[in-house]
Amino acid sequence: MIKVLNPGLFTTIQDTGRFRLRDKGVPVSGAMDHRAATTANLLVHNLPEAAVLEITMTGPVLDFEEHCSFAICGALMSPKLDEETLENNRVYKANPGQKLKFGRLQKGYRAYLAVAGGFDTDIVLGSRSWYFPVTSRRQLKKGDVLQVGDLANSKQEKAEAYPDVFLHSDYIEAYPGPEYGLLSDRQNDQLHKGIFKVSNENNRMAYQLHEKIFRHEHSMLTSATLPGTVQLTPDGRIIILMKDAQTTGGYPRILQLSDRGIAMLSQKKAGDQLIFAIK
Amino acid sequence: MSLYELSYRPFGNKALLIEWPEQIEEDILNDIIGFRTAIANLYPDLEMVPAYNSLTLIASTPMDHDLLISDLVSLYARKEKMVVAKRKLWNIPVCYDAPFCPDLPELAVSKGMSEEAIVEQHTSATYTVYAIGFLPGFMYLGGMPETLHFPRREHPRLKVPRGAVGIGGKQTGIYPQASPGGWNLIGNSPIRVFNPENDPPCGISVGDQIRFYAIDKDMHELFTIQVESGVFQIKTLELDDQSA
């Protein structure tokens with residue numbers, strides 16, 4: 001097991017998500033940057049759907065109380081095992097009593113810690129992903145004890161790590177959304193050519209962008225939304241729904257990010273810039 | 001029953017949006033639910049989200065939109081073979097007494113009605129579930145009498161308790177969990193429309209109907225205990241599907 005000495009800013013358990021309940025209003029949840037989470041899992045021979053820790057901006061301090069193989073992927077957060085400096089995308093072995101801690105955030109925003117066997121936390125409605133109040137837990141807290149799953153669950157072949165290009169590109173891949181056709185030429189131009197900044201309003205539910213585009217007066221009946229749906233409010237604000245977003249909405253859905261686009265946006269924080277690469 | 005003119009549009013590379021005419025109508029909703037049932041039989045792996053005049057089909061991997069659309073067009077044209085959708089009427093208890101109804105007095109004064117008359121109207125209507133979203137188990141209900149339409153509060157409450165029954169504009173509904181909210185609160189239901197400990201966590205589906213009935217505080221207390229211990233059964237009725 002692993003003991004939480006310090007939870008970090010916002011650390012949660014995530015897997016690939018909670019499906020087939022969107023028609024009851026249950027968000028999908030799951031790792032924001034699915035590729036980093038998957039890579040971390042594959043590196044320690046887990047199945048891709050094993051639960052990992054999603055670590056946001058400031059990492060936790062964890063105390064290993066058993067032998068454990070682990071890997072960290074995604075954001076570069078200067079991790080250390082006791083005094084040893086660690087690299088992302090590599091497998092390390094911790095001995096009982098060793099402590100994993102994180103330092104300065106160098107690049108990206110969310111890191112993923114996978115342990116061989118996966119985190120064996122409660123499964124609620126088909127998923128281990130934390131989303132309050134569907135799950136009783138909201139985020140990691142000091143004193144939590146995390147159980148590590150059975151190593152017999154681990155049988156995947158070791159995988160290649162994704163290149164870190166994801167942390168360095170500003171281009172966010174998107175498709176035209178269902179209401180893309182409502183955009184005026186001027187709005188379309190702004191969307192294609194604009195350089196946008198992530199606002200302070202960004203979390204697992206949604207990323208709001210700092211810049212506005214021209215306003216509109218289209219109204220529509222409430223309809224389904226997905227992770228990656230880009231909504232345009234009447235006053236021209238752009239809101240990109242993420243993994244914990246509500247499952248329906250009433251604003252025009254002007255773009256739809258690809259899975260790759262969602263993963264890349266998940267590594268952006270307030271002030272970071274982005275450009276929509278519309279297919 | 002006539003077939004509607006449907007529009008099919010890609011929603012990213014893994015989803016397809018089907019839209020009916022942009023109207024809030026029970027016939028349209030029933031047609032959506034019927035089509036959903038037929039699609040579910042053919043494509044058991046697709047997730048589907050119905051809402052008002054739309055049905056969104058979501059796959060776990062990229063889809064061939066054109067192929068799927070042509071299959072769906074011919075499926076919709078063979079509509080007489082559609083499976084009848086099972087719909088339910090749910091009777092939901094609500095206590096309209098203090099302290100659950102902080103906005104009822106103001107509503108009564110503004111409407112020039114007695115509080116009893118408001119409760120009487122709220123409990124005499126039959127509501128249709130047009131969508132579930134916003135929060136897990138939050139129902140978008142249509143069918144509130146026009147006499148009860150009332151704007152949202154200017155200053156939303158930071159915390160509305162779970163089970164609170166409110167009126168906001170043309171809509172009424174139940175808060176399935178404690179959350180901030182701007183609706184005028186007129187009562188509280190002891191039932192849990194969404195409970196993650198149950199499977200399924202929410203029995204109510206889009207297309208179902210809802211009626212509220214008034215209970216006093218003692219009943220509210222009793223039902224709350226029964227709900228917590230899992231013995232409370234909501235009174236339901238199977239509805240005949242008109243499109244059958």
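How many residues of chain B are in contact with chain A? The count is 32 residues of chain B, touching 26 residues of chain A, where contact means that the C-beta atoms of two residues, placed from the backbone, lie within 7 Å. Welcome to a predicted model, in which local features need pLDDT of at least 70, side-chain atom pairs count only at pLDDT 80 or more, and totals for chains, interfaces and linings use all residues. Residues are numbered from 1 along each chain as its sequence is written, while chains are lettered from A and ligands numbered from 1 in the order in which they are written.

**Where chain B meets chain A**
- On the side of chain B that touches chain A, strands S2 (15–19), S3 (47–51), S4 (54–58) and S6 (127–132) of chain B each supply at least two residues; helices (H or I, at least four residues) and strands (E, at least two) are DSSP runs, numbered from the N terminus.
- S3(B) gives the most to this side, with five residues.

**A sheet in chain A**
- Six strands of chain A form an open antiparallel sheet in the order S7-S6-S9-S4-S1-S11; strands pair if DSSP finds at least two bridges between them.
- S7 (84–85) and S11 (145–146) of chain A each have a single partner strand, so one side of each is left without a neighbour in the sheet.
- A:Leu62 stands opposite A:Leu100 in S9(A).

**Two domains in chain B**
- Chain B has domain 1 (7–81) and domain 2 (87–239), with bounds from an automatic or database domain assignment.
- Their C-alpha centres lie 30 Å apart.
- Eight residues of domain 1 of chain B are in contact with eight of domain 2 of chain B.
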